[in-house]
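Subject: Structure handover

Hello,

Please find the structure below, with the sequence alongside. My notes come after it.

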Amino acid sequence: MTQTSIQTILETLTNTRDKVVKEVASLHDTQLNAKPKREKWSVAQNLHHLHLVEQAVTSAITYALHKTERVQVTLKPVQATLNRAYKREAPEQMKPTDTIMKQDEIQDLLQTSRRELLHVIHSVTDERDLFEKAAKHPVFGEINVQQWLEFLDYHEKRHLAQIQEAKRALHS
């Protein structure tokens, strides 16, 4: 794992989000809210969860950036987030609503949480803060801001795969 520039991280996050948005753009509200199985999340619930996680990551990054001390943390294997063989139940505050959501409503939520994240990232004036400011992640422990952003991207890619599975289940 190497240090990555803010620009590269933001491009990666944007590319992943664009794929998620494109994947769900053609779904009407009924398809968006249909559960492939009773115990599985609907596409809308996956999207709502992505919004909630992005808000939490933005809060963690904000907390880290406001710390005065600089730290050198061991890089953690945040790419393991992509491994769907490892199932982890979402913490209660990250669980999506069971309420029916409309396409434009969920898209607004995703745009809002992304706008808030970008506002925080664009406030970074010293790129060292990406690598020398850290906050505790519930699975990986203390990770730096760069790894929080990498985690967010991997998490979104993980749920993109779940969304694709849910869509296939709806068409079978």
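This is a predicted model: local features need pLDDT of at least 70, side-chain atom pairs count only at pLDDT 80 or more; totals for chains, interfaces and linings use all residues.

Residues are numbered from 1 along each chain as its sequence is written, and side-chain values use heavy atoms, with hydrogens and water left out.

Salt bridges

A salt bridge here is a side-chain nitrogen of Lys or Arg within 4 Å of a carboxyl oxygen of Asp or Glu. The whole structure contains 15 of them. One of these pairs is Glu54 with Arg114, whose closest N and O atoms are 2.5 Å apart. Glu54 sits in helix 3 (residues 43-66) and Arg114 in helix 4 (residues 103-122), so the pair, 60 residues apart, links distant parts of the chain. Helices are DSSP runs of H or I with at least four residues, strands are runs of E with at least two, and both are numbered from the N terminus. Glu54 and Arg114 are both buried. For accessibility, buried means under 20% relative accessible area, exposed means over 50%, and partly exposed lies in between (1.4 Å probe, protein chains only).

Lys95 and Glu89 form another salt bridge, with 2.7 Å between the closest N and O atoms. Lys95 counts as partly exposed because its relative accessibility is 27%, whereas Glu89 is exposed, at 60%.

In a further salt bridge, the closest N and O atoms of Arg128 and Asp126 are 2.8 Å apart. Arg128 is partly exposed at 44%, and Asp126 is partly exposed at 23%. Through shared partners, salt bridges join Arg70, Asp126, Arg128, Asp129 and Glu132 into one network.

Glu142

Glu142 belongs to strand 2 (residues 141-144). Its relative accessibility is 31%, so Glu142 counts as partly exposed. Leaving aside residues up to four places away in sequence, Glu142 is in contact (heavy atoms within 4.5 Å) with Lys67, Val73, Thr74, Lys76, Ala134, Ala135, Lys136 and His137. Lys76 is 66 residues away along the chain, and its C-alpha atom is 8.5 Å from that of Glu142. With Lys67, the side chain of Glu142 makes a side-chain polar contact at 3.5 Å. A polar contact is a pair of N or O atoms within 3.5 Å; within protein, one must be able to donate a hydrogen and the other to accept it, and residues adjacent in sequence count only if both atoms are side-chain atoms.

Regards
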